[in-house]
Amino acid sequence: MTRVWSFLPRMALLAFLIAFLWHPAWFAGLLRPLTENGAPPIYDQGSLALLTLDHLAIVAVATLAASLIAIALAVLVTRPSGREFLPLARSLVNIGQTVPPVAVLALAVPMTGFGEKPTLIALFLYGLLPIFENTLTGLSTVPANVMEAARGVGMTGRQRLWQVELPLAAPIILAGIRLSVVISMATATIGSTVAASTLGAVIIAGLTSNNLAFIVQGGVIVGVIAILIFDALRGLETLLARRAGG
Amino acid sequence: MALSAAIQGGRAGAARFRPDRIGLVISLVALGGLCLPFATVKPNRILAGVAKTILEALPQTGSILLLAVLFVAITIACLRSPAWLRLGASVLVLLALAGAIGVSGIVLTPSGNPYARVAPAAGFWLLAFAMALLTADALTRLRPGPFGRVAALAATAVVFGFILKSGLWDNLSILKEYAVRADSFWAAAAAHVELALGSLVAAVAFGLPIGILCHRVPKIRDAVLNALNIVQTVPSIALFGLLIAPLGWIAVHVPGAKAIGIQGIGMAPAFVALFLYSLLPVVANTVAGLAAVSPSANDAARGMGMTERERLFQVELPLALPVIITGIRIVLVQNIGLATIAALIGGGGFGVFVFQGIGQTAIDLVLLGTVPTVALAFAAAVILDAVVELLSTPSVRDSAP
């Protein structure tokens with residue numbers, strides 16, 4: 001019963017999103033009260049659907065790269081050969097989290113020039129932290145008796161990692177990726193201040209031309225996609241946790 | 001701790017020479033830094049610069065001295081040396097680097113060209129990063145208590161203040177940007193702190209009661225937390241923008257609103273947006289902290305005949321305090337970063353320099369905005385972490401990982 005109730009609004013949200021991106025003009029009447037002096041109610045300097053795809057592509061590439069590197073690093077520092085790097089890695093992650101994403105973005109510009117690259121770097125670096133931290137937590141909370149049993153049946157270190165540790169840690173790792181995606185979705189909009197093609201362009205166009213309708217549609221599209229991804233990944237986590245017997 | 005590590009190191013060293021692997025990695029980073037240019041000289045603040053190596057950027061004795069200190073520190077880092085020695089060596093190199101970049105600013109600035117800029121280059125940053133890593137590693141091994149960490153922070157602030165006051169860095173590009181904008185820099189600093197701290201205070205004033213209510217009335221808990229979660233998914237620049245219209249309307253239509261500073265653009269929408277972002281961590285951590293209070297403590301309080309109000313203020317809230325302060329730490333660090341975005345809607349703060357700098361492709365101006373922001377966020381994190389540790393009861397501290 002509760003599952004249906006939580007499922008329906010999400011489907012409706014997805015349908016609304018697709019309809020809005022497919023044919024924004026249908027919603028012009030809804031947004032017109034937010035405009036003044038006959039300003040356009042729908043973003044007219046490019047296709048909303050294309051901007052959305054660019055936005056999603058940047059977030060996807062950055063998150064994928066951040067996940068691969070963060071999980072690999074966390075695995076390295078929890079192996080016997082890399083264990084002495086663990087305390088330093090932990091403090092680095094704590095320090096790194098205090099650096100605001102805007103700072104990373106602004107500092108990446110002189111190295112890479114304007115466009116998508118500084119945004120990718122900022123999202124990648126900022127996305128590393130939650131994934132790394134959660135992978136560490138996930139790997140270190142695998143019960144000792146499970147590890148003992150795996151050793152007892154003669155599994156090698158590599159087999160233990162792939163067949164025991166990573167599957168058991170998967171829900172917590174996924175929670176880190178989820179956090180990272182939601183932060184990245186919002187941070188990518190700031191990328192448009194350095195000329196990246198994201199939905200931030202719509203919001204900034206609204207800010208500079210004092211058009212509230214642009215700000216609302218840019219913000220709502222980003223927010224709705226973030227909520228949908230957040231929910232989908234949380235569903236996947238529950239599924240994985242159930243399969244892992246957690 | 002340090003002693004036993006030293007003894008272990010000694011024993012291992014007697015059997016077979018084993019280098020310190022962290023020190024080895026840090027040394028490689030430092031050597032990479034030596035191969036890159038130390039400073040750049042730009043004809044003005046926007047044009048590309050000419051790279052200078054350490055030998056070109058410093059007088060001969062200066063470069064020999066810097067390389068010698070660096071060599072000693074790398075040797076100490078690679079050997080299994082005690083943590084306090086590693087700390088001392090890395091701090092010494094950091095001080096030497098701070099002095100060296102100041103001297104190179106004086107040496108490299110061409111006389112008679114007021115527009116020329118000397119800036120630290122990749123080599124300097126990499127060396128400083130390597131030594132900061134060594135410091136962080138040594139501090140991690142020493143495990144200073146909360147007071148030790150705050151003292152280290154204070155000492156760092158005093159040293160930086162002293163260097164800035166002495167004028168050693170006055171020929172460097174960031175400080176030249178500062179010199180032109182000294183007044184607006186401090187106005188931006190005041191606005192930044194006001195935004196970050198003010199919205200935090202407001203969020204605690206509203207978030208604590210909401211959290212307590214959510215704990216007492218489980219029915220509304222999920223609804224409130226879900227609503228606050230949704231606020232978090234709205235991108236900051238959009239939320240700032242969305243608040244311009246309603247606040248503008250209030251300013252025009254509510255008598256007296258304008259007099260207390262409510263207006264469509266500027267600080268008011270930024271303040272409200274930061275407040276809304278801050279609510280989730282405060283409310284969620286209040287709920288989590290109260291939920292973690294052990295039933296036996298509550299039973300004992302009820303058994304003693306405490307009223308509901310007494311139990312809340314004398315038992316539940318004190319026990320939940322470390323978790324609540326953790327929420328406040330998250331909010332403060334997040335707010336200091338987000339306050340940068342306020343500049344886009346005229347809210348002031350260090351973001352003014354960041355976005356001006358991006359617009360003019362003047363990296364020195366970007367640094368003038370980002371360096372104080374990062375420093376503020378870092379200081380806030382260190383201080384509040386120390387507070388959380390001090391407040392944690394021994395049982396909480398033992399169960400922490």
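**Salt bridges, domains and the chain interface**

Modeller: A network of salt bridges links B:Lys42, B:Arg117, B:Glu177, B:Arg181 and B:Asp364. The term salt bridge stands for a side-chain nitrogen of Lys or Arg within 4 Å of a carboxyl oxygen of Asp or Glu. The model is predicted, so that local features need pLDDT of at least 70 and side-chain atom pairs count only at pLDDT 80 or more, while totals for chains, interfaces and linings use all residues. Residues are numbered from 1 along each chain as its sequence is written, chains are lettered from A and ligands numbered from 1 in the order in which they are written, and side-chain values use heavy atoms, with hydrogens and water left out.

Biologist: Which parts of the chain does the pair of B:Arg117 and B:Asp364 link?

Modeller: The closest N and O atoms of B:Arg117 and B:Asp364 are 3.6 Å apart, and the two residues form a salt bridge. B:Arg117 belongs to strand E3 of chain B and B:Asp364 to helix H16 (residues 363-391) of chain B, so distant parts of the chain, 247 residues apart, are linked. Helices (H or I, at least four residues) and strands (E, at least two) are DSSP runs, numbered from the N terminus. Both B:Arg117 and B:Asp364 are buried; buried means under 20% relative accessible area, exposed over 50%, and partly exposed in between (1.4 Å probe, protein chains only).

Biologist: How far apart are the closest N and O atoms in the salt bridge of B:Glu177 with B:Arg181?

Modeller: For B:Glu177 and B:Arg181 the distance is 2.6 Å. B:Glu177 counts as buried because its relative accessibility is 1%, and B:Arg181 counts as buried at 17%.

Biologist: Is A:Glu165 buried or exposed?

Modeller: A:Glu165, in helix H8 (residues 157-190) of chain A, counts as buried because its relative accessibility is 7%. Its side chain is joined to that of A:Arg79 by a polar contact of 2.9 Å. A polar contact is a pair of N or O atoms within 3.5 Å; within protein, one must be able to donate a hydrogen and the other to accept it, and residues adjacent in sequence count only if both atoms are side-chain atoms. Leaving aside residues up to four places away in sequence, A:Glu165 touches A:Arg79, A:Leu139, A:Val142, A:Met147 and A:Arg160, contact meaning heavy atoms within 4.5 Å.

Biologist: Into which domains is chain B divided?

Modeller: Chain B has domain 1 (2-167) and domain 2 (182-399), with bounds from an automatic or database domain assignment. Taken over C-alpha atoms, the centres of these two domains of chain B are separated by 35 Å. In chain B, 10 residues of domain 1 are in contact with 14 residues of domain 2. The two domains of chain B bury about 1,000 Å² between them, 63% of it on carbon and sulfur atoms. Buried area is the accessible area (1.4 Å probe) that two parts lose on being put together, summed over both.

Biologist: How many salt bridges does the rule find across the interface of domain 1 of chain B and domain 2 of chain B?

Modeller: The rule finds three. The side chains of B:Arg149 and B:Glu389 meet in a salt bridge of 2.9 Å, N to O. On the side of domain 1 of chain B that touches domain 2 of chain B, strand E3 (117-120) and helix H7 (146-166) of chain B are the elements that give two or more residues. H7(B) provides the largest share of that side, five residues.

Biologist: How many residues of chain A are in contact with chain B?

Modeller: Contact involves 36 residues of chain A and 37 residues of chain B. Between chain A and chain B about 3,100 Å² is buried, with 81% from carbon and sulfur atoms. A:Glu84, A:Leu88 and A:Thr98 supply 18% of the area that chain A buries against chain B, more than any other three residues. Across this interface of chain A and chain B the rule finds one salt bridge; the side chains of A:Glu84 and B:Arg21 meet in a salt bridge at 2.8 Å, N to O.
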